[in-house]
Amino acid sequence: MNALTRAVLSFWDSSIGKKILVAGTGIALLLFLPGHLIGNLLLFAGKDAINEYALWLHNAGHGGLVWVARIGLLTVLVVHVLLTVQLTVRNRAVAQKYSYPATNRASRSSRMMIWSGLTILAFIIYHISHFTVRIGNDYNGTAYLTSLPGHEGDVHNVHKMIIDGFSHTGNTVFYMVAITILCSHLSHGFASVFQTLGLRSRKSDLLIARAGWAYALLIWVGFLSIPVAVLFFGYGRT
Amino acid sequence: MNFTLKVWRQNDGDSKGHIEEYPAENIPIEASFLEMLDIVNEKIIGDGGSPIHFDHDCREGICGMCSLTINGVPHGRENGTTTCQLHMRHFDDGDTIWIEPFRAGAFPVIRDLVVDRSAFDRIIAAGGYVSVRTGAAPDANAIPITKEDADHAFDSATCIGCGACVAACKNSSAMLFVSAKASHLNHLPQGAPEKDRRALNMVQAMDEAGFGNCSNHYECEAVCPKSISADNVAKLNRDYAAAAVRKALA
């Protein structure tokens with residue numbers, strides 16, 4: 001085994017190395033969310049805008065870009081989840097409980113990171129099955145094909161799929177709960193990235209914490225605006 | 001003052017411990033927490049029982065020997081205070097007080113409230129020092145050090161190695177201790193030549209000693225009797241990453 005392989009393996013095995021990888025993959029996921037949100041918000045720009053955007057996503061780089069993004073995100077997610085589960089298993093094995101437990105400073109969000117994270121993982125699996133693979137619905141059917149100005153032939157009607165998806169109360173409530181849990185996860189995760197990468201100091205502590213809350217709030221409001229508009233205000237349903 | 005104590009009793013590391021209740025009666029208001037335990041122990045010994053074992057040494061808040069998790073908080077609820085400097089006037093007459101050892105897998109119980117913190121010694125032996133020639137003391141101002149660096153190093157050096165950070169951590173992580181000891185030396189020119197080796201070796205020793213991983217809860221910072229900042233943890237993360245990259249490319 002050469003020196004480089006040894007160094008990489010010992011980094012992967014060490015507590016700080018694992019945490020740095022969790023933070024690095026966390027940054028990728030933190031950057032993905034606003035991109036995904038901006039795409040989703042095109043729903044409010046009308047049917048053609050979001051359908052055209054969806055078509056562009058699928059055709060970009062001769063249809064290769066979307067797969068590069070999917071494989072990249074899947075890799076990032078697998079590393080993030082695998083390492084956090086490993087870290088948690090180790091923590092549970094070495095920590096001991098008090099007969100009189102107390103918490104001094106740790107926020108509720110920070111203490112439920114593994115549970116919020118696993119709930120988000122379950123949601124991601126459901127979300128991809130629902131809107132990407134389209135299992136258990138007829139979103140792949142001919143009823144979800146439509147025309148697009150300036151484009152020959154039919155395209156997938158993402159607009160109708162989203163409106164129909166969020167017209168179902170059960171789906172929508174689960175979506176809203178999952179997004180809320182995601183934002184709890186982000187509120188701690190955002191600031192943690194800075195601490196784990198050594199970019200936080202006492203001077204910047206409050207600024208980073210506030211930026212984390214602001215980011216989580218923005219993501220929460222942005223993603224919830226669509227199901228709220230569709231289910232509660234009938235947006236796109238008439 | 002009168003209190004009801006709920007104290008962890010455990011014969012040795014192999015036996016199962018339990019909480020036992022003791023009355024603490026006629027405690028002077030000026031008594032420290034450890035003096036209160038001394039009074040309770042005298043009564044237990046007078047009644048023919050086995051006294052409550054607990055660690056202590058200087059009783060001046062500087063040695064890092066006293067421990068105790070009091071009502072779930074290592075060294076008790078008073079900020080920046082060791083157990084020996086905690087006084088009974090901070091409690092209310094009639095309070096029930098839970099007293100447990102510093103709990104962590106890496107701190108096995110020796111007896112009652114006494115735990116083995118030698119894992120910290122192994123971490124220090126792995127890199128918490130500077131290698132210097134012995135002989136006459138060097139001139140104090142031979143190596144210029146900025147006031148800021150000296151202050152940072154001194155703040156980190158005030159860590160007394162008591163282990164409260166580990167005891168407060170939900171993951172039993174020793175990151176605040178290790179980072180304070182590493183930062184103390186990494187801030188100074190005398191520590192610079194061994195900076196990378198120190199970061200890598202101390203973290204490896206920490207992991208091998210059976211401590212958990214930092215989850216950035218900052219419970220350690222909240223209970224530290226010397227108010228060591230979690231900035232040290234950020235610095236150690238940074239130093240470790242840089243050292244790992246340099247080692248991989250060397």
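Colleague: How many helices and strands does the secondary structure of chain B come to?
Modeller: Chain B has eight helices and seven strands; helices (H or I, at least four residues) and strands (E, at least two) are DSSP runs, numbered from the N terminus. This is a predicted model, in which local features need pLDDT of at least 70 and side-chain atom pairs count only at pLDDT 80 or more, while totals for chains, interfaces and linings use all residues. Residues are numbered from 1 along each chain as its sequence is written, and chains are lettered from A and ligands numbered from 1 in the order in which they are written.

Colleague: Which domains does the assignment give for chain B?
Modeller: It gives domain 1 (3-110) and domain 2 (117-249); such bounds come from an automatic or database domain assignment. The C-alpha centres of domain 1 and domain 2 of chain B lie 29 Å apart.

Colleague: And how many residues does each domain of chain B bring to the contact?
Modeller: Domain 1 of chain B brings 18 residues and domain 2 of chain B brings 17 residues. Two residues are in contact if their C-beta atoms, placed from the backbone, lie within 7 Å.

Colleague: Turning to the two chains, how many residues of chain B are in contact with chain A?
Modeller: 42 residues of chain B are in contact with 35 residues of chain A. Strand 5 (96-100), helix 6 (195-208), helix 7 (219-223) and helix 8 (231-249) of chain B each supply at least two residues of that side of chain B.

Colleague: Which of them gives the most?
Modeller: Helix 8 of chain B does, with 11 residues.

Colleague: Now for chain A: what should helix 9 span?
Modeller: Helix 9 of chain A (residues 205-232) has 28 residues, so at 1.5 Å a residue it should span 40 Å, and its end C-alpha atoms are 39 Å apart, which agrees. The expected span is 1.5 Å times one less than the number of residues.

Colleague: Where is the kink in that helix?
Modeller: A kink of about 30° lies at A:Ser225, shortly before the proline A:Pro227. The bend at a residue is the angle between axes fitted to the seven residues ending there and the seven starting there.

Colleague: Which residues of helix 9 of chain A are buried?
Modeller: Among them are A:Gly212, A:Phe223 and A:Pro227. A residue is buried if 20 or more other C-beta atoms lie within 10 Å of its own, exposed if 12 or fewer, and partly exposed in between, with C-beta atoms placed from the backbone. What covers the buried residues of helix 9 includes helix 2 (15-41), helix 7 (158-165) and helix 8 (169-196) of chain A.
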